[in-house]
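This report looks at charged side chains that pair up. The model comes first, then the pairs one at a time.

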Amino acid sequence: MNNFTTAHDQKIKKSGFCNSQKNQAYFIKTVSSYTSAVVWVTGASSGIGEELAYQLSKIGALLAISARREDELERVKKKCLQISNLGEKDILVLRLDLTDRSSHEAATNSVLKHFGKIDVLVNNGGRSQRSLFVDTNLDVYSAIMELNYLGTISLTKHVLNHMIQRKKGKIVTVSSVMGIMGAPLASGYCASKHALQGFFNSLRTELTDYPEISIINICPGPVQSKIIQNVFTENLAKSIENSGDQSHKMPTDRCVRLTLVSMANDLKEAWISDHPYLAVCYLWQYAPTWAWWLMNRMGKRRIQNFKSGVDADASYSRKKK
């Protein structure tokens, strides 16, 4: 700890990471891991992806930020420049549609042309779901898998080729606790996240000859973000009418801080959640019979909440005092 310069310590404090003596070593490693690293974040126009851009910019990472809405990416870039020491060329705005798989090779080449390398790919782009299976068109399930699963592994394939040539890099995928368990109103979303978990856990075993390439799965629980406002419903043309109060969920900045620490320490999988969702993950992993019983009880309340116009998970969280 004493080997770090005062300037380095000040940089850590400025980043907002170092909030206790106990965790300082983890935060120092986090800052050191990303200073001048090239990080490509998809789904960077809102939610977890947007917050990742802000926190990474503060600790000196060079950023490629992608999403479909270029105007929103420009807004994110402007704020990154305001809150960090990065320059205009240190942040690349790159419009990207994950469902347009034919564009992924050219997008990867654009990042490589601009920065010369990609150290970290953060697969964050995707959409959630709020609808019962019996009411939902199969086209919705096709769209969910095309975006969340096939779009993600397509982009990964192109970036991984570059990392294999360099023999190092990190592929970070923002999955979900829904990739660990199942829940009503999100059968398609759960399926896509289970698919990502299975894919990346398998890919990791194919890369044993490349120990410096890390495959990291991040599984957040409910987080305060705009993901609920953009969910799939029972048909592709319909949007959710009322997203409900989201204040009971984990703040996005805390989720992202824990995500960055997990990435810096090369955790293969990180569950980032408040209780009771975290407890249910452990039940699902180690006592599935109990988990099924509990989810049947919780699931009824989740559906009732949704139908009554409040957030589906409102009954299971309490606001921090």
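## A pair within one helix

Because Arg75 and Glu72 lie 3 residues apart in helix α4 (residues 70–83), about one helical turn separates them. Helices here are DSSP runs of H or I with at least four residues, strands are runs of E with at least two, and both are numbered from the N terminus. The side chains of Arg75 and Glu72 form a salt bridge at 2.9 Å, N to O. Such a bridge is a side-chain nitrogen of Lys or Arg within 4 Å of a carboxyl oxygen of Asp or Glu.

Arg75 is partly exposed, at 33% relative accessible area. Buried means under 20%, exposed over 50%, and partly exposed in between (1.4 Å probe, protein chains only). Glu50, Glu72 and Arg75 are joined in a network of salt bridges.

## Basis of the model

The model is predicted: local features need pLDDT of at least 70, side-chain atom pairs count only at pLDDT 80 or more, and totals for chains, interfaces and linings use all residues. Residues are numbered from 1 along each chain as its sequence is written, and side-chain values use heavy atoms, with hydrogens and water left out.

## Other pairs

Glu88 and Lys77 also meet in a salt bridge, at 2.9 Å, N to O. This pair links distant parts of the chain, 11 residues apart: Glu88 is in the loop between α4 and β3 (91–95), and Lys77 is in helix α4. Glu88 is exposed at 52% relative accessible area, whereas Lys77 is buried at 9%.

A further salt bridge joins Glu234 and Lys238 at 2.7 Å, N to O. Glu234 is partly exposed at 22%, and Lys238 is partly exposed at 32%. The whole structure holds 9 salt bridges.
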